[in-house]
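Thanks for coming, everyone. Have a look at it first.

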Amino acid sequence: MVHHPIMTKYLISFPAEAMVLSDADLERAVVDSHAVIEEAKAAGVYVFGGGIDEQVDPVLVSADHTVSVSVYPGSRLNGGFTVLELPSREAAIEWAAKIAAACRCPQELRAFMYNPAS
């Protein structure tokens, strides 16, 4: 049996309003952020990522299939995110710093709780 070290998935994200860039800076940030994602893929740590489509309104879905345009009070998700699987918080901080430099804005870093089924 091969032993694999336990890796933690980290959410690295920023709200849409954090990116206050000129059109030229935004174009460069797109190129630079795609390069960091390619680096993460090459390193084998990339899980998934993307941006929230803010043109599609969120809905609240109940177990009985009821769909409501109301969401939980205070719930707000927009901007971009990346999920990486890494061996340590220190490694996650290093990747978050790379993404922050590429996106030209600080990144929030959160760890997912360990789930042996995922």
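Let's start with Cys103, which counts as buried, at 7% relative accessibility. By buried I mean under 20% relative accessible area, with exposed being over 50% and partly exposed in between, using a 1.4 Å probe and protein chains only.

A word on the ground rules: this is a predicted model, so to speak of a local feature we need pLDDT of at least 70, and side-chain atom pairs count only at pLDDT 80 or more, while totals for chains, interfaces and linings use all residues. Residues are numbered from 1 along each chain as its sequence is written, and side-chain values use heavy atoms, with hydrogens and water left out.

Back to the cysteines. How many disulfides does a search of the whole structure find? The search comes back with zero. Here a disulfide is a pair of cysteine sulfur atoms within 2.5 Å. Cys103 is in no disulfide, and its nearest cysteine sulfur, in Cys105, is 5.4 Å away. As a reminder, a disulfide is a covalent bond between the sulfur atoms of two cysteines.

Now the strands. Helices (H or I, at least four residues) and strands (E, at least two) are DSSP runs, numbered from the N terminus. Two strands pair if DSSP finds at least two bridges between them. Please find strand S1, residues 8-14. S1 runs antiparallel to strand S5, residues 80-86, and seven bridges join them.

On to the pocket. A pocket, on a 1 Å grid over the protein atoms alone, is an open set of points where a 1.4 Å probe fits, with protein on both sides within 12 Å along at least five of seven lines; lining residues have an atom within 4 Å of a point. The largest pocket holds about 440 Å³ of space, where the volume is the space filled by probe spheres set on the points, and grid points are joined across faces, edges and corners. Which residues lie nearest its centre? They are Phe14, Ser33, Gly50, Gly80 and Cys103, out of 24 lining residues. The elements giving two or more residues to this lining are S1, helix H1 (23-43), strand S2 (46-51), S5 and H2. H1 provides the largest share, seven residues. By class, the lining has 14 nonpolar, 10 polar and no charged residues. For those classes, Ala, Val, Leu, Ile, Met, Phe, Trp, Tyr, Cys and Pro count as nonpolar, Asp, Glu, Lys and Arg as charged, and the others, Gly among them, as polar.

For charged pairs, the whole structure has seven salt bridges, each a side-chain nitrogen of Lys or Arg within 4 Å of a carboxyl oxygen of Asp or Glu. One of them joins Arg76 and Glu17, at 3.1 Å from N to O. That pair links distant parts of the chain, 59 residues apart: Arg76 is in the loop between S4 and S5, and Glu17 in the loop between S1 and H1. Arg76 is exposed, at 59% relative accessibility, whereas Glu17 is partly exposed, at 45%.

Arg28, Asp32 and Arg104 are linked in a network of salt bridges. Asp32 meets Arg28 at 3.0 Å, N to O, and both lie in helix H1, four residues apart, about one turn of the helix. Asp32 also meets Arg104, at 2.8 Å, N to O. This second pair spans 72 residues, from Asp32 in H1 to Arg104 in the loop between H2 and S6. Arg28 is partly exposed at 44%, and Arg104 is partly exposed at 35%.

Arg104 has one more thing to show: a positive phi of about 65°, although it is not a glycine. His65 also has a positive phi, near 75°. His65 sits in the loop between strand S3 (60-61) and strand S4 (67-68), and is exposed, at 67% relative accessibility.
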